[in-house]
Amino acid sequence: MSRIGKKPITLPAGVTIEVDKSNIVTVKGPKGTLTQKVDPDIKISLEDGTLNVSRPTEQKRHKALHGLYRSLLANMVEGVHNGFKTELELVGVGYKATAQNNVLELSLGHSHNIVFALPPEVVATAEQAKGKNPIITLISIDKQLIGHMAAKIRSLRKVEPYKGKGVRYVGENVRRKAGKTASK
């Protein structure tokens with residue numbers, strides 16, 4: 001049994017859901033609108049402020065899709081109501097970031113600056129306080145998209161385990177390794 005798939009999704013005030021005949025779900029809220037195509041086998045029912053997702057059989061494929069689509073729809077409802085925020089921290093000497101018009105310009109220790117264009121659904125801000133590492137904040141209503149953009153930015157300079165330099169999520173715990181020890 002899918003414990004995630006069986007949980008109903010409660011709709012907050014101001015959020016509406018429409019399901020058309022080709023199983024395309026549209027979620028509208030105060031922050032924006034998101035759409036998701038759902039597999040035709042999965043049934044979606046809306047009853048007095050709650051959204052329920054059900055599967056036709058106990059096949060392994062249906063079980064997997066049941067939990068998947070329930071999670072995707074719950075994230076859509078949360079996104080159009082509250083939105084999502086991800087913070088990245090640049091750790092390293094001389095690492096800098098500036099954000100203008102959905103374009104991030106990153107200085108990550110390469111011979112050149114990296115210009116990273118973001119989609120219009122993602123809003124980025126960069127802040128640098130004296131004595132602290134620069135922080136990039138990504139805000140969006142789409143959890144999948146914001147996670148993908150954060151992973152792409154992080155892949156530009158992954159955290160190395162010896163000195164801990166690189167792009168990391170705020171609060172991420174990096175496992176450090178000991179370097180070579182000098183011989184006697």
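Which residue in E10 stands opposite Val103? It is Ala117. The model described here is predicted: local features need pLDDT of at least 70 and side-chain atom pairs count only at pLDDT 80 or more, while totals for chains, interfaces and linings use all residues. Residues are numbered from 1 along each chain as its sequence is written, and side-chain values use heavy atoms, with hydrogens and water left out.

**The sheet.** Helices (H or I, at least four residues) and strands (E, at least two) are DSSP runs, numbered from the N terminus. Three strands form an open antiparallel sheet in the order E8-E9-E10. Its edge strands, E8 (96–100) and E10, each pair on one side only; pairing requires at least two DSSP bridges between two strands. E9 and E10 are joined by four bridges.

**Helix H3.** Helix H3 covers residues 143–155. Its buried residues (under 20% relative accessible area, 1.4 Å probe, protein chains only) are Leu145, Ile146, Met149, Ala150 and Ile153. Seen down the axis of H3, the buried residues fall within an arc of 130°, taken from the directions from the axis to the C-beta atoms, so they line one face of the helix. They pack (heavy atoms within 4.5 Å) against the strands below.

| Strand packed against H3 | Residues |
|---|---|
| E7 | 84–91 |
| E9 | 103–107 |
| E10 | 114–117 |
| E12 | 135–140 |
| E13 | 166–169 |

**Residue His62.** His62 lies in helix H2 (residues 60–81) and is buried, with a relative accessible area of 6%. Beyond residues up to four places away in sequence, His62 touches Asp41, Ile42, Arg55, Pro56 and Thr57.

Conventions:
The expected span of a helix is 1.5 Å times one less than its number of residues. Buried means under 20% relative accessible area, exposed over 50%, partly exposed in between (1.4 Å probe, protein chains only).
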